[in-house]
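Please look over the sequence and the model before turning to the notes.

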Amino acid sequence: MKIQREGESLIVSDIHELTAVNSSSFRDEINSALTGSTVVIEIDLSNTQFMDSSGLGALFALYRSTIKREGVVLRLLNPVPEIEQLLELTQMQQLFEIVRR
Amino acid sequence: MKAVLICPVDSTGVPRLAEAGPLATTPILGDCIVAHWIERLAGVGARQIEVIAADGANRVREAVGDGARWGVQVTVTVSKFELTREEAAEKYKAAGDPAWLPEPNDVISMSHLPGCQDRPLFESYASWFAALSAWTPLALTPARVRISQVRPGIWIGSRAQVSSSAELVAPCWIGDRASVEEGAVVGPGAIIEDRSVAGSSSRIAHSWVGPDTFVGRMTSVANSIAWGSTLIDWRTDSVLHVPDPFLLSSLSKSKSSATTDRFGRTLGAKAPAGPQIDLIKAMGAPRAGASDANLPA
């Protein structure tokens with residue numbers, strides 16, 4: 001997983017899978033990278049081929065922590081169709097701004 | 001009167017359906033395709049039906065038996081490849097034999113459902129779902145005593161259980177022994193096959209839920225084919241094997257309730273409780289811009 005800062009944006013990419021194995025470190029690493037100046041968090045899911053309930057739980061935890069920070073936007077970028085299906089199945093696509101670029 | 005049924009083999013457009021067995025034995029609205037066709041032919045006077053199977057002949061035999069169920073004699077014959085209608089007529093039907101049903105019921109390729117010739121079943125997942133939707137109003141025949149239309153466009157199996165707080169939106173089909181739990185919204189365009197469960201506050205619309213399938217609490221199945229732990233978006237052909245059984249899984253006794261990911265690791269059955277609880281909370285979380293009336297209970 002790669003975390004980059006570009007101005008006020010935090011971009012998380014190279015997530016190959018998000019499961020019980022790495023969901024805690026995913027959450028912790030992003031939370032430690034967040035600063036007061038972060039306005040946008042973008043989770044690039046274009047390389048994410050597999051996600052389970054732990055991964056979805058980590059995304060939800062991130063969602064909860066961002067709504068506490070006023071003005072911070074959380075975006076999911078380019079999820080592959082299978083991940084999009086999983087988000088729709090769990091109705092979590094309604095929580096996130098999903099962007100395709 | 002005699003007739004021939006040709007089992008379809010080409011599953012290029014619907015490969016995941018073929019994984020469960022020969023296409024002719026795929027369950028649709030409470031029975032398999034070949035059974036629906038035998039019932040139709042028996043209804044128009046057939047007494048001897050030859051079923052030509054190039055794939056999974058034993059499974060086809062298991063599905064239809066000797067035909068006594070329909071009061072006809074059924075034999076299943078193995079073919080090396082899928083015959084066309086013309087090839088089958090030439091091979092099995094003697095010219096001018098009055099013992100055969102008149103055309104077009106003499107030789108039938110089961111690539112569509114009875115009475116829906118313009119709706120091919122197996123060209124794609126979208127065509128499969130369109131064919132099922134078109135055929136649903138025609139599926140209730142006098143011989144089918146375990147399903148009834150309770151309101152216009154709503155069919156429910158006699159041993160199905162539907163919670164009083166569930167919402168059924170026409171058209172929808174709830175198969176025999178299926179269960180729709182409290183707060184679930186089923187329809188429009190939903191087909192839930194026999195023995196499947198729509199969990200509490202789940203939503204199923206424009207979708208087919210195969211037999212013995214559990215749709216978990218608060219999950220949303222839309223524009224999809226859901227069978228066991230497999231979820232197919234029929235608009236895009238995208239296929240997802242859902243790793244967590246509490247979201248979508250098979251209830252079939254012959255299959256393990258646990259599922260495996262693409263690396264063959266067993267998931268779900270051993271999933272820790274924490275993330276599951278977190279996710280259930282997430283699925284019940286207020287949606288941005290959603291009204292209270294739309295929220296799951």
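What percentage of the 297 residues of chain B count as buried? The figure is 47%, where a residue is buried if 20 or more other C-beta atoms, placed from the backbone, lie within 10 Å of its own, exposed if 12 or fewer, and partly exposed in between. This is a predicted model, in which local features need pLDDT of at least 70 and side-chain atom pairs count only at pLDDT 80 or more, while totals for chains, interfaces and linings use all residues. Residues are numbered from 1 along each chain as its sequence is written, and chains are lettered from A and ligands numbered from 1 in the order in which they are written.

**Make-up of chain B**

- Chain B has six helices and 25 strands; these are DSSP runs numbered from the N terminus, helices being H or I of at least four residues and strands E of at least two.
- Chain B is divided into domain 1 (2-123) and domain 2 (147-294), with bounds from an automatic or database domain assignment.
- Four residues from domain 1 of chain B and twelve from domain 2 of chain B form the contact, a contact being two residues whose C-beta atoms, placed from the backbone, lie within 7 Å.

**Helices α2 and α3 of chain B**

- Helix α2 (residues 33-43) of chain B packs against helix α3 (residues 57-64) of chain B at an angle of about 50°, with the axes 9 Å apart; axes are lines fitted to C-alpha atoms over the stretch in contact, and angles run from 0 to 180 degrees between N-to-C directions.
- V34(B), A35(B) and I38(B) of α2(B) meet V60(B), A63(B) and V64(B) of α3(B).
- Eight of the eleven residues of α2(B) are buried, including W37(B) and L41(B).
- G45(B), which follows α2(B), has a positive phi near 110°.

**Cis peptide bonds in chain B**

- A170(B) and P171(B) are joined by a cis peptide bond with omega of about -5°, and P171(B) sits in the loop between β10 (167-168) and β11 (172-174) of chain B.
- The bond from G187(B) to P188(B) is also cis, with omega near 0°; P188(B) is in the loop between β13 (185-186) and β14 (190-192) of chain B.

**Positive phi in residues other than glycine**

- N78(A), in the loop between β6 (73-77) and α3 (81-89) of chain A, has phi near 45°.
- N78(A) is partly exposed, with 18 other C-beta atoms within 10 Å.
- R177(B) has a positive phi of about 60° and lies in the loop between β11 and β12 (179-180) of chain B.
- R177(B) counts as partly exposed because it has 19 C-beta neighbours inside 10 Å.
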